[in-house]
Structures are given as C-alpha cells and as structure tokens.
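The following note concerns how the parts of this chain meet. Please read the points alongside the structure.

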There are 2 protein chains.
Amino acid sequence: MPLPDKSGLKIVHLDVRDVRFPTSLGGHGSDALHTDPNYSCAYVTIITETGKKGFGLTFTCGRGTEIVVLTIRAMKRFVVGLNAAEIFADFAGFWRTITNDSQMRWLGPEKGVAHLAAAAILNSLWDLWARIENKPVWKLLVDLEPEELVSTIDFRYITDVITPDEAVRILKAQRKGREERFKYLEQHGYPAYTTQVGWLGYSDELVTELCHKYLQLGFTHFKVKVGLSVEDDLRRATAVRKCIGDDKFLMVDANQAWSVNEAIEWMKKLAHLKPIWIEEPTSPDDVFGHAVISKALEPYDIGVATGEMCANRVMFKQFLQSGGMQYCQIDSARIGGINEILAVYLMAHKLNVKVCPHAGGVGLCEMVQHLQLWDYVSLSCTMADRLIEYVDQQHEHFVDPCVVHNARYMAPKLPGYSTEFLPETLEKYTYPHGTEWRRLFKEGIFPLPDEAELVNP
Amino acid sequence: MPLPDKSGLKIVHLDVRDVRFPTSLGGHGSDALHTDPNYSCAYVTIITETGKKGFGLTFTCGRGTEIVVLTIRAMKRFVVGLNAAEIFADFAGFWRTITNDSQMRWLGPEKGVAHLAAAAILNSLWDLWARIENKPVWKLLVDLEPEELVSTIDFRYITDVITPDEAVRILKAQRKGREERFKYLEQHGYPAYTTQVGWLGYSDELVTELCHKYLQLGFTHFKVKVGLSVEDDLRRATAVRKCIGDDKFLMVDANQAWSVNEAIEWMKKLAHLKPIWIEEPTSPDDVFGHAVISKALEPYDIGVATGEMCANRVMFKQFLQSGGMQYCQIDSARIGGINEILAVYLMAHKLNVKVCPHAGGVGLCEMVQHLQLWDYVSLSCTMADRLIEYVDQQHEHFVDPCVVHNARYMAPKLPGYSTEFLPETLEKYTYPHGTEWRRLFKEGIFPLPDEAELVNP
C-alpha cells in the first residue's frame, strides 16, 4: 500500500483536553481498588496544514488526568512541525523518539504517565492515517503489506521472542482465506462479553436485573467484580450463575486486590461456580506471581487473565513466556499505541496465548474492536475462545460509537479509529470548565477542583 | 522509640520546585541512552504549623521535571492538613493512600511519574521525622525497634517472599554486635566506587586523566559506560584497565542499550577485561531477560547489576527471585521512599543478594549513604562485596553534602536525610526563573523553555 503523499500533511497543531465524566455518582466502573472512578480521558486533536485531523485519547479514572494532559503538552515538541507522511514512513523511529527522549525517558521508561501520554498521541496519528486513507483503522491494518505493518513496530527488547523477519513470515503465512474472513466479519461481527452486570458498587437487585437484561440481549459471557469480601463475592457470583444458568459463561475480576497466596485460596472458594478466568488476581507487575496462581488454579479449569495495566511490550513478553497469562488483555491506550500493541499480538500469536482485549473505559471499546478485527483477518484467523469486553458506557459521546448487536461487535465502517468526540460532549465534559462540570460544582455535587487541577484552564 | 508528640506537627504547607542544573553542557552523566542529561530534581519542602521543615527530592534528567512537579502538587491533598506524628504512627497506611488513590492509581500503578512524585514527598517526611528526632536518617532507622521499622512498610504483593513477622525476626536476629558496627562506621565510613571516570560523553584523554585522579584519591573500583559501539567500549575499558592495573576492579554499565542476545555477545567481547558486573544490560523491566544474561555470563565471572529504574518492590521481588540480579542497585528516589526501599533491602537479605545502591544523580549520594549505613548496622551486618556509587557532582548545592574520604563515605552527622538545598542554589537553578537559567537563556546557551514547561511559574 503506498504511503500518503506528503503534500499538506505537515502537522501544525496539537491540542489536548482534559475530559471527565462524573461516573462515580452511579458506582459505574467501581471495583475492588477503584471504588469511585470518574471515567475520563486526555483527548488529543492533531491538525495538518490543510486542516486534516486525527483524534486520539488515553483513558484515565479522574484525578490526575491533568498530569497526562501536561505530559502530552510536553511531547508536542516531538510532533508539531513534522510531516505525518514522514512519520508513517518511519513510524518505529518516531515511536522511539516519543517514548525514549534522552531526558524524558527517566520518567518511565515506557510506563505510567509517560506511556499513557505517548499512547494518546500515537492513537491520534493512526486515526489521521486511516482518515487519509478513507478507511477504518482495522481496514488500514488489514491492507498494509506485512512488511509495512511490521515496519511500524520498535522491536527493541523483544527480539529474543520475535524478530521483524519472523513477524513478516507469520503474517504472510496467514494470508490464505482472508477475503472470506473479511466478509464474515462484515456480516457477523465479533463476539463480545459484558462487564455491565457486576460492578462492585451495584446492589444485588441491580446485578440480577442486569443479568436478565444482558441475557435477553444475547450475551453468553458475564463478568463479575470480586475481591473485597469472600462472602459478598460468593453471594453475587452465585446470583449471577443462577440467573445465567450452567450453559453460559462466568468470569471474575479482582482488579489486583490480592497477594499471590490469597488469590489462590480465595479462588478455590469460588471455583464451584466455574469461572473460566480470574482477571488481575494480584499486582499487574508480578509475572512470577501470576505463573504461580495459574499453576495452582489449573486443576480447577480457571485461567488467569491480565493485561489492562501491563506496562509495555517487555512486561507482556514475560507474561506471555511465563505460563501465567492464559488470556492476554491488551489495553488500547496504556502502552505505546497501535505500534506497540501489534508487537504484543504478534508475540501472543507466536506463544499461543489468546488475546481478549480490555475495554469499557472511555473510548476503549471503540478502539479495541479495530485491533481484534485485524487480528481475526490477518493474524490469529480465529475467534475461538476470544471475546472483546463490552461495557455500555460513554458510547453516546462519540461520532462513530461502537455498535454491539446480539452480543457481537459490528465492524466499524467510518474512516479512523472511532475516537472522535461529539462537539457537545467537549462543551459539557471538558474539565473543569465544561457546562456540566460547572453545574455539578454549582450544585455542590462535586467540590470545586483543587488548585492543582487548574493548571490547564 | 516513642513516636514524636503530635503537638505542632500538623503539616500546613507543601512547596515544590523544579530545579535543574545545565550538566549537558559538559557531557557529565552521559550514557548510551541518556546522551545529554540536565541533572535535575523535583524538590519538596513540607512545613508544620510550628515551622518545622522536611526536605525531599526526586531525581530527574531535565525535560519533563515539570510533570513530576505537577504530580506532587496533585498529591498535596493527601498530605497537607495531616499531622506528621499520625503519619509516622501509620506510615504504611499513609503510603498506600498516596500511592494507591482510587482514581490516580491508574496513572501507575506504583511506577513512573506517579511513583517518582510519591518518592519526593515520602523522602521529605522521613527527613522531617529525623529532624524532629535530631538525628540523621540512618541513625533514626537504626534506633527504630524492629516492629516500628517494619510498621512503615506496605507488604501488599510481597508476602509470598517475606511477611512482617519474618522481617521483625530477621532484624532482631541481627542485633548482636550493632554497637561495634555503629562505632566502626563512625570511624571508617563505608566503601565507595567511582563512576566519574567513564561517562560516554568524555574524551579518551579525560577518561585517563580521571582514572589517575581517582586512583590517587584511593578508589579501588571504577565504572565505565558502554553500549554504543563495541570498538569504543573496548578502547575505553582497556585504557581504564591499563590505568588501574589488575589488582583494582572494573565495572561496566550499558544503561539498557541492548537486547538480551546482544548483551551476551557484547559482553563476551569485553570479558577479558574482567569486569565484575555488567549494569543494566537490557530493559529494566525484563526479569527473564536478565536471568538469561546472568546465566550466560556466569562462566566469565561477570555478575548482573540492575535496579536504578526498577519500578517498585514487586519488580524487585521478581528480580531477586529470578537469579538475574547479582547486585541490587536500589535508587533512593524512584520507588516509594524509604518505606518501600526497606522492603527491598529485606527481600534482598532473605534471598541473599547484595545491595549496592545507585547514586550520582542530584541528591542520590546524599540519600543512599543513609540507607546503606542502616543496612550495615541493622540488616546485612557486612560490607563484603558491597559498595555505594559515588559521582562528584552537585554536592556543593546541599547544606549537608555527602563526604567521601579515601574512597569511603563518612557517616552523616546532621539531622535529616541530607537533602536540603542551599538558598543560593534555589535562587540560581530553579527552572526556568532562576538567575543562572535566565543568564543561559539570555546568552543563547539554552533555548527559552517551551510553553509546556512554563506551567509552574
């Protein structure tokens, strides 16, 4: 696929906004460690000299979003003034510049705030590229030649597991049947599971009500948050199992609440409810710990799922090598954009681990659908035991929201990465000056922001 | 040891400054991945209602320091208004609050910018505590009862390696002979090694000149930066070995330049120069990779050293378990303050790995000396094969700079953590409004700061 012509593609502006939704008011998104999240994001718009735009975001949980915003502003120097076509021509080189500046890399390296900020910018560039090509991102990825796709990835630190040559060979070998898979996707979409039934902040009545609702919507896989009290978990998970019956599937998610030994003991008590996975049983950094848990739970047919807070491809490399990750839950806005996520997909494929993306946060469903569709057409070529998380929140704020019918993600058709906000969303939810936030402050529903949050008026 | 009386210890103010030194002008601190660092820090001052002060800092490399500053400002809400005595009474609880806020933890968790910021605040609290007790921090640590010291540590995610009870038992078992060790330290200090001889940005002449200088100063251990070109590395390391002779010790430091296989091949080419360790051969996140390198280099008697960019106690736990870390190089301002560093020392002791602290950056020598002195008196009780890094930079800016005589750190005597800057340093080097920075901008030696860096005027 030829690269876009350079003319008009000089990036002349990068704007970033702090956008927050007051989700803590309803307990939506609450789990063992994140008891009151306000689902938020740092939202990037890049503009070329001829006015072409790219939109990208990184998900956050409220407080501290201003820090990611400032970091993105500090990274403007690596982007503004460059020609987007030249970035795409050496995307891996650009990736290393933005993630490994000789002074700023001390702040990570390649993790935490710095990587979240880089993700938002990289996401906006992929969105721009797909808009230039007039394709959704998943179609752009499918249409890139294996060599072109692989050229966007920085392989530093992962060549002991996969090299660029090997990645190209794998992608070429999987080409057979891609037209059929492409058509299948356009007709049938991709399977989803729901996390909407079991947030920790929800009452038992609400959990049961939501189970019925999502059963009627055609869902077959249901995820419940656990980890604060065994008794509560047993009661809630039993209620869900009773509702959904034995022919449907249950997953549980502890959001890092436990130590290694505690995770094993706790899960033995829930094992009779037949969850297919335990998600984030302990620290997202503990590769060895996950391997120990995984081994201990194997006799119960419970797999270990993790990845939404996995810091970068090097951490994924180890999880995938360790036997401690049966389900690889890539996040679309924590590691370094699509470039680094492609590396994770390739390693997962080689090491035979299923990818089931994390989603649910602001814009995450919108993004991961593109990645998983590409994986189906071009890499794993199967949907077996693979699902995309689905949470019915904040979709109404996007120009091109994800569409889930009969528990399946329908393939996006509009150009880009599906991450452009509606103008009225920005007017209302930009923090702290959006109209909705002003109302919430005025009515005393939220306190006025701390001085620290006001650095980006 | 009784806790301080609460009266007067309410924290009423937390001030944070961006302090930068223009070290890139001389190539000081330059290595394979950090080619032009401006050694910098985010500098915290906490003040109690009666005017008692605590000073704490976290090291940075220049660009992006403003992000850490903003993060510290965002964390003020967890500190200001609390009573310091109450913090010390439940230091582990406070630690979890500041590192695991339900909304902000998404920005880490426990890594990167968020953890650097927490480190600066936690360092200032330990400094305050020691000043209240009128002792240097190392003496405060030595004087705390084992139960008191252990109570400052959050053991979440590490109980599979060490529990609080076990930590207390270990500390009690090591009490014998502490008075003698204490006296020995006061007389003889603690051995240091020098990194000053081999920054990558230095010319060969300067390297040789510095070798002679540090030999005359009594140093026996010399560290050289490597990783950009085998030929250069061979030439420089050979020159150093020739200068220092076969009876002295050489270490090499690649600052994460290599992939796993590359590290092994490269080090085989340097092996005849008999380096005792290779430091940071690859990604600081690659536990498995370090283990592979370590095993491959064992026949050459080359150990693997790493830790200055190790993100938190969970990552240290795995490195210490993996056999991939023969020298544990804790950093005093990257992980969550003394609280978390104590956890690493305890795990290293249990798993029989030597701690040789990373230092050299702004204030790092000043801080780590306290930790290592405590370790000698109270935990490992030995100096065998242990050294503290020493770099002769920026000490003149501190009220109580570290003192190295005859290649040994002399035990600090003044109260606190040795991290208070002189007033004239703040006047000159506060970025971007300090007098020295204004001169550097005016004379065109540095460009005027980007808009992004001006959020904290």
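1. In this predicted model, the contact between the two domains of chain A involves 32 residues of domain 1 and 37 residues of domain 2. Domain 1 is made up of 11–135 + 421–454, and domain 2 spans 173–409. Their C-alpha centres are 24 Å apart.

2. The size of an interface is often expressed as the accessible area lost when the parts come together. Between domain 1 and domain 2 of chain A, about 2,800 Å² is buried, and carbon and sulfur atoms give 63% of that area.

3. How many salt bridges are counted between domain 1 and domain 2 of chain A? The count is one. A salt bridge joins Glu110(A) to Arg313(A), with 2.6 Å between the closest N and O atoms.

4. Eleven residue pairs are found in polar contact across the interface of domain 1 and domain 2 of chain A, with both residues of each pair at pLDDT 80 or more. On the side of domain 1 that touches domain 2, the elements of chain A giving two or more residues are strands S2 (40–48) and S3 (53–60), together with helices H3 (91–99), H4 (112–132) and H16 (423–429). Helix H4(A) gives the most to this side, contributing six residues.

5. As to residue class, the side of domain 1 of chain A that touches domain 2 comprises 17 nonpolar residues, twelve polar residues and three charged residues.

How values were computed:
Residues are numbered from 1 along each chain as its sequence is written. Chains are lettered from A and ligands numbered from 1 in the order in which they are written. This is a predicted model: local features need pLDDT of at least 70, side-chain atom pairs count only at pLDDT 80 or more; totals for chains, interfaces and linings use all residues. Side-chain values use heavy atoms; hydrogens and water are left out. Domain bounds come from an automatic or database domain assignment. Contact means heavy atoms within 4.5 Å. Buried area is the accessible area (1.4 Å probe) that two parts lose on being put together, summed over both. A salt bridge is a side-chain nitrogen of Lys or Arg within 4 Å of a carboxyl oxygen of Asp or Glu. A polar contact is a pair of N or O atoms within 3.5 Å; within protein, one must be able to donate a hydrogen and the other to accept it, and residues adjacent in sequence count only if both atoms are side-chain atoms. Helices (H or I, at least four residues) and strands (E, at least two) are DSSP runs, numbered from the N terminus. Ala, Val, Leu, Ile, Met, Phe, Trp, Tyr, Cys and Pro count as nonpolar, Asp, Glu, Lys and Arg as charged, and the others, Gly among them, as polar.
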